[in-house]
Amino acid sequence: PYFRAAVKIWTEGGPEEIAKSDAPDDQKARSLAFAKIAVAEALFHLANDDFEKFASIPFPVFKSTAKGDSLSKKQKMQEQFQKWMQEDFTKWMGEKAKALDVAQKNYEKISELQVPQWDIAAATRVGDMYLSFVNDFRDAPVPPSLQGDDELVDLYYQGLDEASRPWVEKAKNAYEFCLITATKVRWFNEFMTRCEEELFKLDPRAYPRAAE
């Protein structure tokens, strides 16, 4: 409630009230700066609720109830897997993407305030969401029809990597924005460190770790 109250005061005329006060200009500028920091922090914590909703959507588990001889069992498993992909997996992707979009839009509200430390934190969270989506996507179970054939399994994972590439780029863009902003204003904290580490994991050649 305190975070919501801070945002409400700001959006319902907070800056204008500061501007109309009888305080000296330097004091008004200082008050405005502190207000922006407070509102940016409040927006971040409110957006974190949406981040948690995104994170709490569980990946659907594929379970097979196929029985019979090996050939009929494999055929039945394949049918069940296709049904799982069309229903459970597709539903999960839609819910996950929608929750990510809501959270990202709320984090992006922070950028309007131009408060670097909270811009950095918000970008980190957005990058984390995209990366989480990629990792869940890549952890999708191997289709029953491919199990036991290493070459086909490799091709399957290559296909998943290819399909997840746009999401990887979105994660990299968010982490890169975080790193550039932190470097520009020389604001180094745990969020900036996380961005640097994740960029290194995603593309070590393009984003080598900086020297201590």
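Start with lysine 20. Its relative accessible area is 58%, so lysine 20 is exposed (exposed means over 50% relative accessible area, buried under 20%, partly exposed in between, with a 1.4 Å probe and protein chains only). Helices here are DSSP runs of H or I, at least four residues, numbered from the N terminus.

A word on the source: this is a predicted model, where local features need pLDDT of at least 70 and side-chain atom pairs count only at pLDDT 80 or more, while totals for chains, interfaces and linings use all residues. Residues are numbered from 1 along each chain as its sequence is written, and side-chain values use heavy atoms, leaving out hydrogens and water.

Next, select aspartate 25 and lysine 28. Their side chains meet in a salt bridge of 3.7 Å, N to O. They are 3 residues apart in helix H3 (residues 25-55), about one helical turn. Aspartate 25 is exposed at 61%, whereas lysine 28 is buried at 18%.

Now go to lysine 172, buried at 10% relative accessible area. Its side chain forms a salt bridge with aspartate 203 at 3.4 Å, N to O. This pair links distant parts of the chain, 31 residues apart: lysine 172 is in helix H6 (residues 150-185), aspartate 203 in the segment after helix H7 (190-202).

Finish with Asp128, Arg194, Glu198 and Lys201. Salt bridges with shared partners join them into one network. The whole structure holds 12 salt bridges.

Definitions and conventions
A salt bridge is a side-chain nitrogen of Lys or Arg within 4 Å of a carboxyl oxygen of Asp or Glu. Helices (H or I, at least four residues) and strands (E, at least two) are DSSP runs, numbered from the N terminus.
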